[in-house]
Amino acid sequence: MDGDIRQYLLHRPPAPAADGEGDGPKPLLIAFHGRGADAAELRAKTRLERAATARGMLVAFPEGLGHGWGAGAQATKQRPDPALDVRFTEALIKHLVRTERADPDQVYVAGFSNGGSMALRMAAERPALLAGAASVSGQLPTGAAAVEPTGSVPVMVVYGADDPVRPLSGLPSPPPDPEEPILPTRSARDSAAAFAAAGGAGEPVTRAEKGYDRTVWRLGKDAPGGDRRPGGTVQLLVVDDAGHTWPGSTVPPPEGFGPVSTALDATDTILDFFTDPGPGH
């Protein structure tokens with residue numbers, strides 16, 4: 001792909017029954033790892049493949065170039081082509097539709113941290129390609145690297161209230177990084193609200209649930225692509241006592257990333273949202 005060999009781990013659901021039941025097209029989730037991590041780390045942290053098995057879902061865990069993703073629209077020395085990973089993701093989806101019978105009408109993206117921002121970029125720039133997107137601890141880039149949502153797509157943003165790495169309020173002036181620039185970002189709420197606005201949503205409703213607050217915007221029918229997913233929503237879940245971590249994970253986070261919440265299982269919550277992206281229960 002564009003001169004690079006791109007790799008991914010693939011989870012296939014169990015083979016269909018002998019009578020052919022379950023042999024139709026399968027939902028597909030593309031799951032992006034965080035910066036400095038890899039596909040195996042995200043698979044272990046999220047246990048997405050176990051939750052996906054019960055739903056008959058394919059899960060692809062792609063490997064980012066240099067253990068990261070081009071989640072922003074600005075060219076950098078390390079990523080001179082800022083659209084490279086968007087094209088790669090499009091190609092990966094087409095490949096899996098062709099080779100694994102992935103259902104092109106049930107393609108989802110999710111990710112953690114930099115991978116969460118990459119999932120949001122795909123949802124922003126390719127909404128017609130996706131049936132839903134989710135980000136854990138990732139926000140929309142802003143400033144010179146800004147990514148703007150362009151159509152209606154259900155989106156869930158899960159964020160730790162006490163994230164010490166990339167604060168809930170965003171990182172408008174990130175510190176310099178000698179390896180690769182850390183992109184400035186909007187707040188988690190502004191990231192979700194941008195998708196709500198692009199989807200023609202009205203005013204949000206926020207309610208406190210056990211261990212987190214849930215804000216829900218109902219997508220409108222008149223926005224670009226709004227007729228494809230009637231009743232869809234954009235949701236922001238702000239998790240109490242949670243850091244730059246994947247809620248519900250049993251894998252200890254790196255030092256300095258803050259606590260992991262057990263009030264919410266982000267994996268099941270996200271896959272349930274993809275199955276039914278309507279108002280939260």
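Colleague: Which residues does H33 touch, not counting residues up to four places away in sequence?

Modeller: This is a predicted model, in which local features need pLDDT of at least 70, side-chain atom pairs count only at pLDDT 80 or more, and totals for chains, interfaces and linings use all residues. Residues are numbered from 1 along each chain as its sequence is written, and side-chain values use heavy atoms, with hydrogens and water left out. H33 is found in the loop between β2 and α1, where helices (H or I, at least four residues) and strands (E, at least two) are DSSP runs numbered from the N terminus. With contact meaning heavy atoms within 4.5 Å, and residues up to four places away in sequence not counted, H33 touches D38, A39, L42, P62, E63, G64, H67, G68, W69, F112, N114 and G115.

Colleague: Is H33 buried or exposed, and what is its relative accessible area?

Modeller: The classes are buried (under 20% relative accessible area), exposed (over 50%) and partly exposed in between, with a 1.4 Å probe and protein chains only. H33 therefore counts as buried, its relative accessible area being 1%.

Colleague: At what distance does the backbone nitrogen of G64 lie from a polar atom of the side chain of H33?

Modeller: A polar contact is a pair of N or O atoms within 3.5 Å; within protein, one must be able to donate a hydrogen and the other to accept it, and residues adjacent in sequence count only if both atoms are side-chain atoms. The backbone oxygen of A37 lies 3.5 Å from a polar atom of the H33 side chain. For the backbone nitrogen of G64, the distance to a polar atom of that side chain is 2.9 Å.

Colleague: In what order do the nine strands of the open sheet lie?

Modeller: The pairing is mixed, and two strands pair if DSSP finds at least two bridges between them. The edge strands, each pairing on one side only, are β1 (8-11) and β7 (205-209). From one strand to the next the twist averages 15°. The order is β1-β3-β2-β4-β5-β6-β9-β8-β7.

Colleague: Which residue in β9 is the bridge partner of V155?

Modeller: Strands β6 (residues 155-160) and β9 (residues 233-239) pair in the parallel sense over six bridges. Within β9, V155 has as its bridge partner V234.

Colleague: Why is strand β8 described as largely enclosed by the rest of the structure?

Modeller: Strand β8 pairs with β7 in the antiparallel sense over five bridges, and seven bridges join β8 to β9, also antiparallel. T215 of β8 is the bridge partner of T206 and stands opposite L236 in β9. Strand β8 (residues 212-218) is largely enclosed because, of its seven residues, the number buried is five.

Colleague: Which residue takes a positive phi near 95° in the hairpin of β7 and β8?

Modeller: This hairpin has two residues between the strands. The residue with the positive phi near 95° is G211.

Colleague: At what angle does helix α6 run to β5?

Modeller: Axes are lines fitted to C-alpha atoms, for helices over the stretch in contact, and angles run from 0 to 180 degrees between N-to-C directions. Helix α6 (residues 266-275) lies across β2, β4, β5 (132-136), β6 and β9. The angle of α6 to β5 is about 160°.

Colleague: Which residue caps the N-terminal end of α6?

Modeller: The helix is mostly covered, with seven of its ten residues buried, among them A266, T267 and F274. A side-chain oxygen of the capping residue lies 3.0 Å from the backbone nitrogen of T267. That residue is D265.

Colleague: How far from D163 is the nearest side chain of opposite charge?

Modeller: Lys and Arg count as positive and Asp and Glu as negative, while His and the chain ends are not counted. D163 is buried yet has no salt bridge, which would be a side-chain nitrogen of Lys or Arg within 4 Å of a carboxyl oxygen of Asp or Glu. The nearest side chain of opposite charge is that of R166, at 7.2 Å.

Colleague: Which residue has a side chain joined to that of D163 by a polar contact of 2.7 Å?

Modeller: D163 is found in the loop between β6 and α5 (188-198). A polar atom of its side chain lies 3.0 Å from the backbone nitrogen of R166. The side-chain partner at 2.7 Å is H244.
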